[in-house]
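Dear colleague,

Please find below the structure that I am handing over to you, with its sequence. My findings follow directly after it.

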Amino acid sequence: MSKKVNLTINGFPVEIETGKTILEAADSQGITIPTLCYHKDLCVAGNCRVCIVEVTGQKRLSAACATPCEEGMEILTNSLKVRNSRKHIIELLLTEHNADCTKCYRNGNCELQTLASEYKIMTQDFIELVPLKKYSIDAYSPSIMKDDSKCIRCQRCVRTCAELQGVNALTVAHKGDEMKITTFLEKHMRDVVCTNCGQCINHCPTGALVEKNYIEEVWEAIANPKKHVVVQTAPAVRVGLGEELGLPPGTRVTGKMVAALKRLGFDSVLDTDFTADLTIMEEGTELLTRLKKALVDKDETVDLPMATSCSPGWIKYIEHMYPEYLGNLSTCKSPQQMFGALAKTYYAKARNIEPDNIVSVSIMPCTAKKFEAWRPEMHDSGYRDVDYVLTTRELAILIKQAGLDFEKIEPVKYDRLMGDSTGAGVIFGATGGVMEAALRTVYEIVTGREVPFDNLDITPVRGMEGVREASIKIENPVEDWAFLDGVELKCAVAHGLVNAKTVMESVKSGKADYHFIEFMACPGGCLGGGGQPIPTNPEIRKKRAEAIYAEDSSLTIRKSHENPEVLKLYKDFLKEPLGEVSHHLLHTKYTKRQRY
Amino acid sequence: MQGVVERESFLSEHSMVEIAREIEIPAADVYGTATFYSFLETKPTGKFIIRVCKTITCAMKGKTQVLFAIQDMLKIKMGDTTPDKRFTLLETNCLGWCHKAPAMLVNDDVYTELTPEKVRDILTKYMDKNGNFHN
Amino acid sequence: MANSHQLKRVDFIFRNENDWEKILSNTIKKKPEELVNELMSSELKGRGGAGFPTGLKWKFTAEAKSEKKYVICNADEGEPGTFKDREILSRVPYKVLTAMAVCGYVTGANEGFIYLRGEYKFLQPELKKAIDEFEYYCNEIEFDFKISVFMGSGAYICGEETALMESMEGKRGEPRNKPPFPSESGYLGKPTVINNVETLVHTFTIFKYGAKKFYDLGVQYSRGTKLFSVSGDTPKPGIYELELGMSLQDFVYEFGDGDTKSVQVGGASGFLVPRKKFKDAAIGFKGKLRGISLPTGGSMMLFNSSRSMFNVLDNYLEFFREESCGQCTPCRVGCQQLLLGIKAVKRGDKPAAYLDKLIRLTETMQYTAKCGLGQSVANSFSSIVENFREEMIY
């Protein structure tokens, strides 16, 4: 039993564990104290001062987020002094903020706007500071736009980039009135170690950091009668989209989403899950090939552990931070890019459409996917494999613009040819999902039996622990894989780049003896991606994860190698995993980048 | 960082990256920290950095005239560096010589009770062709 | 003037008797508790400006449980109008070093730092020499205490104790949230005593002459002496050790030029007192002194009638706008608003009544800013605007 302290909030007694802050104590009583710099994912900064409260007997007000409760405290969260001061602070923030709300991408989902509206800041007596500063917008990155004129210096992005991601592309520079959030030497985001993960966007309370949107481009493509617009939807989008459209976190909206996409005018609505399954086929085979080389051929040059390559934020991270380990990355493209390459080859051929006339759009929970699609090496179809990447948030904007009542839409199924999905494909959306899907397939290929877990649920790789380890012992393999008999396949899963760093450091030091590691750039995996609905926090991500696993359980086929369309694809087009066509279309190489 | 500034008078991109590598911190944080401190310059400066105190007592006691004298003599404006990269002229906050105002620093050396005449003499010394008068 | 407290010059601090070795070896023969009690009974309060009882500070750190503790001497003297710490460190460095060592002995720290502001770099070589000699003596008497000098790099805010520690850790000098206080978690997260240079020298005085001698000087709540840095319109600028509790009237009589219009007590973060209030103002820590009692880090700036109070305030606000660390809203944005605001009123772009809105803003800054810098901007702002309103208006 932890110790408790007693205090009062607005006159009512509260008992709470020692060490809890005033903010947490108030929250336990159903009293919301407004915050801006505070975020549940991050360490406490205490710098915006919006959450100030009055502690009776003290002249100064205390920041509720940063002040621990003490025995006997009498706290007032809404005294006149608190209200007036808080109002002042909001007014001050507004003078520093380009409050051109109607023209802001975050209009309607901005914490500062909400606060200003709650406190009814109707007039602006103080002097506008924005016109006095030379602000410019950094829109050079294909993923992220940074507009300093909307920044309120809460430093949530800086803490996100450092604490959650261990990237530190963003920093605080200068002091006093010139203090600002910027990068090394104030370079463009494109030119620094930024991984494009977009977590800074998810944690930004205002419109200072937003995704680069391609909404108009997509509308134009849809409107062009010459173009055949195909759209793919990533696994995590179906458990996030609902939030942007008024549904509670964790609502599964797969069928509604497909229906909405059709009504928006996409010519074919297909599923990234399909190429997720394909990824498993390729990547699983690649893993087994590497293991064979290492164990049977005793080839010392084989790079193990093998690391997954689905997460473009992770890819950019390892390119910057651990370029010496690029050989350990699976050469598989991400499901998005596999889909893109196939859309303008296999699909085009099957449907008898000129690839030139296909516009390939993807809906992703991710901002790094925009950069990935933009990479010069992603043109293996002879065209740009994926033309436009929209985030979950952008899709919601399309749906709203089209005036679709999402609640009333009747669910429908994906279109054929690259629209089939298995449970294994779906769980790509959650941390550990790629690993679980891979194990379901690899184990069965090797042993001829299903993975020895109840209901195929490989629970050790599930959950929200930053780094998780699991191992599976291979016994009685089929003849082809006899050399794996008795081998303990050691796996690790890491999500959030700061955890990826931990794992990479242990690989680097030689402490880790894993064979296979799944890395996801974002906390919780793709379901917590930088393109997912705002806000994000541990509870929301947990709900989305539950939805992902519920989706998996609801499907009849739950193993990638049983996906009928994938089998057909191999039969008709690719012939075999790691075959020549695969090699050309589905695999890629990586670029060494600077760490500093 | 202070060491680098002492040797090279400012932190170049190269030296900031080196510092980051050396102590294993992000380059962005090196930059963020450097720009916090007024004595850590991240832009090229002259060999001698003149920092004239602009805080109240110095302002009252003729700082402006001293500044004019310096600007006139070196033919540069506030914040600029002479073309020969010898001097950079900056203003700074209280140097702690209010009883002997106005005051200025030339690198680490303090000069107080300045007048236009006095400041001209001082800078002449630093203008020594060999550049080895004060280092 | 019935209550007049005559100005009394004292000479403790700069009296150099070269007996620090004896004082050190004698003092560390006493029990730490005894020394803490000595300090408590002297009622010495911090001389950096905030006025926290020094004995209590040492006591808290002594009681904190940790293998490693630190003593820091705050020599980041940046308050406009103060220059006493530089004088102490250049004239009587051994007193400071001795006091640090005693503090280490009392609190259980064996390492000390002097955080010297970058502007005082020229002091470093002499100071290092003094430290070498000092450590040599410590070795001789087998007393384990090391002192090093940490150079600041030009940031006023680093005088704030937690910002100073951040700066020492190689980071941006941004103040931390308090609690935890340095006595619990200071430099590198270890319990740390951080004292101003002058405070440390006073402890030397106390350990040498006893608490009583110190306590007998000054007045209730404001015991002992204080160094004053006198500048501005005065025929006698310089540093003076004076007994606390004096009236500003007496001070101006001694140091004024006969035409003193106002005095800024405590630097840019202190208060401006106009001529008509000189006799009601006493210099000392908060307490039941008559009239207004003004705590101060010792900066006394005198202005005569030729000076524009608008210019003075403008200069202070520019100082704060630049020297704010920028992390918290009220200070970062507040300072900009105040500066722009008085200029707008002066130009006639804003009505005179806007000054009242700005005064209310300074109240908010006082209540809500994260550290002393933002909190104290209100002091100079409201005292100047309230007393010289006519000079602020177009």
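In chain A, the centres of domain 1 and domain 2, taken over C-alpha atoms, are separated by 26 Å. Please note that this is a predicted model.

**Chain A**

The domain assignment of chain A gives domain 1 as residues 4-78, domain 2 as 92-211 and domain 3 as 275-333 + 421-586.

**Chain C: domains**

Chain C is divided into domain 1, residues 20-215, and domain 2, residues 309-392. The C-alpha centres of these two domains of chain C lie 33 Å apart. The contact between them involves nine residues of domain 1 of chain C and eight residues of domain 2 of chain C. The side that domain 1 of chain C turns to domain 2 of chain C is made up of six nonpolar residues, one polar residue and two charged residues.

**Chain C: the sheet**

Chain C holds an open sheet of four strands in the order S3-S2-S1-S4, with parallel pairing. Which strands stand at the edges? They are S3 (146-151) and S4 (192-196) of chain C; each has a single partner strand, so one side of each is left without a neighbour in the sheet. From one strand to the next, the twist averages 20°.

Strand S2 of chain C, residues 111-116, runs parallel to S3(C) and is joined to S3(C) by six bridges. Tyr115(C) stands opposite Phe150(C), which belongs to S3(C). Helix H6 of chain C, residues 124-140, packs on the sheet and touches S2 and S3 of chain C. The direction of helix H6 of chain C makes about 170° with that of S3(C).

**The interface of chains C and A**

Between these chains, 30 residues of chain C are in contact with 29 residues of chain A. Three helices of chain C give two or more residues to the side that touches chain A: H11 (309-323), H12 (329-347) and H13 (354-368). Which element gives the largest share of that side of chain C? The answer is H12(C), with eleven residues. By class, the side of chain C that touches chain A has eleven nonpolar, twelve polar and seven charged residues.

**Chain B and Thr92(B)**

Chain B is divided into domain 1, residues 2-36, and domain 2, residues 48-126. The distance between the C-alpha centres of domain 1 and domain 2 of chain B is 27 Å.

One residue of chain B was examined individually. Thr92(B) is in strand S2 of chain B, which covers residues 87-92. Is Thr92(B) buried or exposed? Thr92(B) counts as buried because 22 other C-beta atoms lie within 10 Å, where the cut-off for a buried residue is 20 or more. Leaving aside neighbours within four places in sequence, Thr92(B) is in contact with Ser38(B), Arg51(B), Val52(B), Cys53(B) and Lys54(B). Thr92(B) and Val4(B) are 88 residues apart in sequence, and their C-alpha atoms are 21 Å apart in space.

With kind regards

Definitions and conventions:
Residues are numbered from 1 along each chain as its sequence is written. Chains are lettered from A and ligands numbered from 1 in the order in which they are written. This is a predicted model: local features need pLDDT of at least 70, side-chain atom pairs count only at pLDDT 80 or more; totals for chains, interfaces and linings use all residues. A residue is buried if 20 or more other C-beta atoms lie within 10 Å of its own, exposed if 12 or fewer, and partly exposed in between; C-beta atoms are placed from the backbone. Two residues are in contact if their C-beta atoms, placed from the backbone, lie within 7 Å. Domain bounds come from an automatic or database domain assignment. Ala, Val, Leu, Ile, Met, Phe, Trp, Tyr, Cys and Pro count as nonpolar, Asp, Glu, Lys and Arg as charged, and the others, Gly among them, as polar. Two strands pair if DSSP finds at least two bridges between them. Axes are lines fitted to C-alpha atoms, for helices over the stretch in contact, and angles run from 0 to 180 degrees between N-to-C directions.
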